[in-house]
Amino acid sequence: MNAKPFHLNRTLLILIILLVVIAIWKPVALIYGFQRGGLYALIALPLALILGIIGILNLGHGDFLTLAMYIGYLLFENLKIDPLLSMVPLFFIFLALGMGIYMITIKYVLKSGELNQLILTFGISMVIIQMAELIWTTRPRNLYVSYASSSVSFLDFSVGTYEFLYPALAIGVLIALRLFLKKTKLGQAATAVGQNPRGAEIVGIDTNRVYFTVFSISIGILGIAAGVMLPRTSIFPLTGSPYTLKSFALVAMAGLGDLNGILIGGITLGIAEAVIQSIPGYGGWSDLVFFGVLLAVILTRAYRRSES
Amino acid sequence: MKRSAVLVVCLAVLFSVVFAAEPIKIGAVSPLGDITGKESTRAMQLAVKEINDAGGVLGRPLQLIIMDDEMKPASGAAAIDKLATVDKVDFFVGGMGSGVHLAEIPALKKYQKVTVWIGAADHNCENAVGADADWYFHLHPWDYQQGEGYGIAWTEIAKAYNIKIEKVFLAYEEGAFGTGSYTSYVDFFNQAKKGQGSWAAVMKQFVGASFKSASLGGGDYRAILNQAKSFNPDLFVWAGYDADAVPIVAQAKEVNFTPKLFVGAPPGWPANYGKNPLAENVILYGMWSPTLSDVSPAAKHFFDAYVKMYGEEPTGYFAPLGYINIYFLAEGIKKAGSLDKNAVIKALEKVEFKDTALGEPLKITPSKVVKHQGFKYQKILQWQNGKQQVIWPLDLATAKLVYPFSFKK
Amino acid sequence: MPILETKHLTKRFGGLVAVDDVNLKIEEREILGIIGPNGAGKTTLVSLISGLIYPTQGEIAFNGKNVEKLPEFERSRMGLARTFQLVRPLQQFTGLENIMVGALFAAGESLKKARESANEVCDLLEFERRNLHIDKLTVLDLKKIEIGRALASRPKILFLDEVMAGLNSDETWQMISLIKKLRNSGITIVIIEHIMGVIKELTDRVVVLDSGKVIAEGVYTEVSKDPKVISAYLGEEE
Amino acid sequence: MKNRTGLIIAVVGVLSVMISLPYYSGAYFLSVTMTILLNMTLAVSWDMMLRTGQLSFGIAGFFGIGSYVSIVAVSNFGVNNVVSIFLAAAFVAVIALALAFAILKLRGIYFAITTLALTMVFSVTIRNMPTLTGGSGGKVLYNTIFNGDTTKIYWLILTMALFTILLSIVFEKTRVHYAISSIRNDEVVAKSSGINVFKYLTVLFVITAMIQGVAGAIYTQQYGFAYPETAFSLDFLMLPMAMALVGGIYSTWGSVIGSVVLGLVAEYLRLVMPHGSKIIYGIIVILIILFLPKGIYGTLESKLRTTRNGARK
């Protein structure tokens, strides 16, 4: 009975000590890592939702993000909507898109095995990328807002302020999701479905409705993420693709169904990456850190489980 | 006697008419999904149209058969096989992407047709082609030639504008493209230390560091910009892709890093880069700019013709390169007077353009390995008021260098 | 010498003690019943012996050899077989193929031999619809598969975990006569059962578990009168 | 008996057509066929592992390692080209075996993401060992296998594909089939039925990794170069997976049919519509998943089975 809290304390303690060490050694890396990690978490949250509740690994995750960025870009170019404001219309547009995609495709593969779902989303991803390539070409687009590169200076450092929005939004979305899952009836149903879909169906939960809602909300959140990324990201057909893998890695690291873990994991990985990048000559290894940490976490967990 | 002469003449005319209908087939392999491949093949079609409108070559029209290599090595190789055996083309032209080209080279070697290539700057490709391949012509400068050219350029610029360039920092993307640049800079630095090579006068100190390009999922340059900032270079160069272009200046502004010369060396630039206030006075390595129309009639002709045909401006230098590719080949065939391979090779070796769509002359010279290399150096351009102005070569300059670089408030 | 013996066998899950210092002796060719209220640790005990989970403490001796550290598949090859409370047929196979799996691996037979053995087992079980796919079979068929797979592995000792659950009375009687047949063929049998009639009919001896501990042991008619046993079951009904 | 003779005639017929292909097909068709055979090999090998219930995302990783071992062996150590392929197989087998102990405890998405992460780890490692591997700059092979003789390279690829198919069929017809299907259906039952789960998973993992490594080695020998981006390209993961799915998983013929169908469709689309052909390809994949969830072969097979059963009744 005592073992667990003690263990948690120890992990936390190690984490805190590590952070303090990094803060003294590479204070800027800590900030950069915190900012980037927030972005990883923000994008991984909806993937976790779809994977955890519907059980589908959406390989088109990053490509929906790409699409959202293009739409946001168009809103900015044609209607002069500020990218931060465009988060609102983007959320609703992608909520609707999520509904549509669910109705015409996802709905029909719910019963046909995770592999079919995987390849279906792979097909969707391919269609989005190719469409973007055909319509907008591979040439990147960027939009300019002056506040995106504003910064504050202290001592010798100049630190950007804009990217603090990433972790802020990640926390915001996390809180909103947790409220939704805890306080609303549909949210509670979703939690139940995530834990035991068959059981949930037996007690009369309309799983189809839950899946529909969860899928659309998740795609909608990608609209929010796209909005906040727009001012600082180049938009091209493959912009979002790498985030699919990173999000998947984060979810696996946090463990299915652990939304808080995604935030903590995202920020941890962001910091680890930033620290490696800041060491001259070793920047090329930063990817290895990401996947190295992931492997370490998954394997330790598997080992611990088999021990008990 | 008279009658048979008439008959011979008639037959000859008939024959030549029939023969004229038979086009000269050129197979092009390019990544059509990519902007570079799309625009270069469009420019090729433009050139073919112009040549055919003017009566073709040797009285025969040119026919361009385009295959998409999908940026996949195996698809590129299969495309060469298809063009050679199914379409039975007489010549090959194309394409970009060293990774794809390396897979195409064994297939090209199998058919040994006269080949004029515009992209693939990696010297690995040159090595794979080998010195024996006299049928291979390469127009784009090799990676090491580009590096050499920059050294010459900065030396001349330093002298012309009386500025000091000693400390060089290279930020390079960690893939093949960036690493290739880095290796060549290291070579030049090693030479410069001995007082040799084109960089001897402008590279007293050199530091390089890699980043992950936004096009491969990176896009955070702040660590590397901070490293550069503490080095305080006179010349800061980043070798990445078009997707890095805007974020890297935005983040440079954020960390308050203002090198005196801020240079980008991507193969292409993002749409509307010039309109971005952050772009002002950023310097770029490239081969072409619309402003060349002011100083080069050939560049002006190409630009106007392209805009007229497609209703939009070409965005990068692969368009004029593709255009030149076709004209170069056509000129060789014309000079050779036949499609005989050896005659065409001999003729192409002698082709000389005083002015091209790139605004500079073209003449074939040997490079390190291959015998037939076209352009040697890139140009140095600077974004000024939303336009790419040519700074170097000095005789082609369309504007004066704005120095030093700073961010507008 | 008993065919199977456990010494101080204990399993803890976190703070919960599921099996608590159990000492069992099972003699060759007997039918032993294990009874107890829900959550008494019966299935956990079987899983410990079969090797699905490993004990926190204690020993398991099978034919005089300590097996508590051996992986499950090796124990099954030595002749320890079990069925599962909820039937677990292999969805992809036919009934016969399901049974073949036991013969192939636990008994180590060749494909051809395994097919013959599986057919023999089916004959013994009077399992006619053996060549049909799982989704076309009845509950009784699935129970037969569950037992058949264990039997095909040529066990020395067989643990039957609630095989009667879900069967009607006809089917239950069929099953009882089957188990008797098995014992006559020389297999030691341990049955876990809720239906006391079955226990009474079949067992030579019973062991009563409550909260992981053995609270009584002996012939069913005597054990059933034990006040400790009665109170344990009464406790359940509340 | 009659059935069997028919089968033998069919097999011999197909084999002789395949073996003599270089003599009557053009270079282009041969080239396309080689790509299809390569993807077929990867698809079948991936499916073989999948039959144990383990979804591997590691194809590209082993493919890339095979590529690099082969090219490094030839160009740095002067190993014979053909020998280098065996060397790649051995090297990949050793790595897979070592990994097996660490990762074959994992299941489901954890196994999948771990194999994918390993692919990334491999490629970053290769990229950061420039003296041996050429790093990001890639590596070029100047003396290619069989001096670039396409016919011989084709036979080599054909041999690889046939070997993989044969092995897959052997696994389908022997006790291996019962072992791995049981593991996939219910691991607990498999263990209690005497199946050494870890042994079978390890054997399958090592063998399929080896096949993928060999495929990488042959691919690299065929084209004579390796870059981290091309050798570890996720194309070598996603396309074979899609092919197996479209053809029908858990069977040799499903992957074979899927790779032929998708391979030909992709090539045909590329010819008839130079722009946007991949959109159509993607839509075809989506439609097949939606309307033929068992894949082409799987649907055909179950149709056949019902009609056969109907006839029997």
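Among the four pairs of chains in contact (heavy atoms within 4.5 Å), chains A and D share the most contacts. The model is a predicted one, in which local features need pLDDT of at least 70 and side-chain atom pairs count only at pLDDT 80 or more, while totals for chains, interfaces and linings use all residues. Residues are numbered from 1 along each chain as its sequence is written, chains are lettered from A and ligands numbered from 1 in the order in which they are written, and side-chain values use heavy atoms, with hydrogens and water left out.

At the interface of chains D and A, 39 residues of chain D are in contact with 40 residues of chain A. The size of an interface is often given as the accessible area lost when the parts come together. Here buried area is the accessible area (1.4 Å probe) that two parts lose on being put together, summed over both. For chain D and chain A this area is about 3400 Å², and carbon and sulfur atoms give 85% of it. On the chain D side, D:Ile109, D:Tyr110 and D:Ile113 supply 17% of the area that chain D buries against chain A, more than any other three residues. One residue pair is in polar contact between chain D and chain A, with both residues at pLDDT 80 or more.

Secondary structure follows DSSP runs, numbered from the N terminus, with helices (H or I) of at least four residues and strands (E) of at least two. The elements giving two or more residues to the side of chain D that touches chain A are helix H3 (27–50), H5, helix H6 (108–127), helix H13 (235–247) and helix H15 (277–291) of chain D. H6(D) gives the most, with 12 residues. In the classes used here, Ala, Val, Leu, Ile, Met, Phe, Trp, Tyr, Cys and Pro count as nonpolar, Asp, Glu, Lys and Arg as charged, and the others, Gly among them, as polar. By this scheme, the side of chain D that touches chain A has 30 nonpolar, six polar and three charged residues.

The A and B interface can be described in the same terms. Here 34 residues of chain A are in contact with 37 residues of chain B. The two chains bury about 2900 Å² between them, with 47% of it on carbon and sulfur atoms. A:Tyr32, A:Arg139 and A:Tyr144 supply 22% of the area that chain A buries against chain B, more than any other three residues. Three salt bridges are found across this interface, and A:Glu163 and B:Arg222 meet through their side chains in a salt bridge at 3.0 Å, N to O. Polar contacts between chain A and chain B come to 12 residue pairs, both residues at pLDDT 80 or more. Helix H2 (27–54), strand E2 (157–160) and helix H10 (241–254) of chain A are the elements that give two or more residues to the side touching chain B. H2(A) provides the largest share, four residues. By class, this side of chain A has 11 nonpolar, 14 polar and nine charged residues.

Other chain pairs stay apart. No contact joins chain A and chain C, whose closest C-alpha atoms lie 6 Å apart. Chain B and chain C do not touch either, and their nearest C-alpha atoms are 38 Å apart.

Within chain D, helix H5 (residues 81–103) has 23 residues and reaches 32 Å from its first C-alpha to its last. This is close to the 33 Å expected at 1.5 Å a residue, where the expected span is 1.5 Å times one less than the number of residues. D:Asn80 caps the N-terminal end of H5(D), with a side-chain oxygen 2.7 Å from the backbone nitrogen of D:Val82.Some backbone details complete the picture. A cis peptide bond joins B:Gly94 and B:Gly95, with omega about -10°, and B:Gly95 sits in the loop between strand E3 (91–94) and helix H4 (98–111) of chain B. Another cis peptide bond joins B:Tyr403 and B:Pro404, with omega about -10°.

How values were computed: A salt bridge is a side-chain nitrogen of Lys or Arg within 4 Å of a carboxyl oxygen of Asp or Glu. A polar contact is a pair of N or O atoms within 3.5 Å; within protein, one must be able to donate a hydrogen and the other to accept it, and residues adjacent in sequence count only if both atoms are side-chain atoms.
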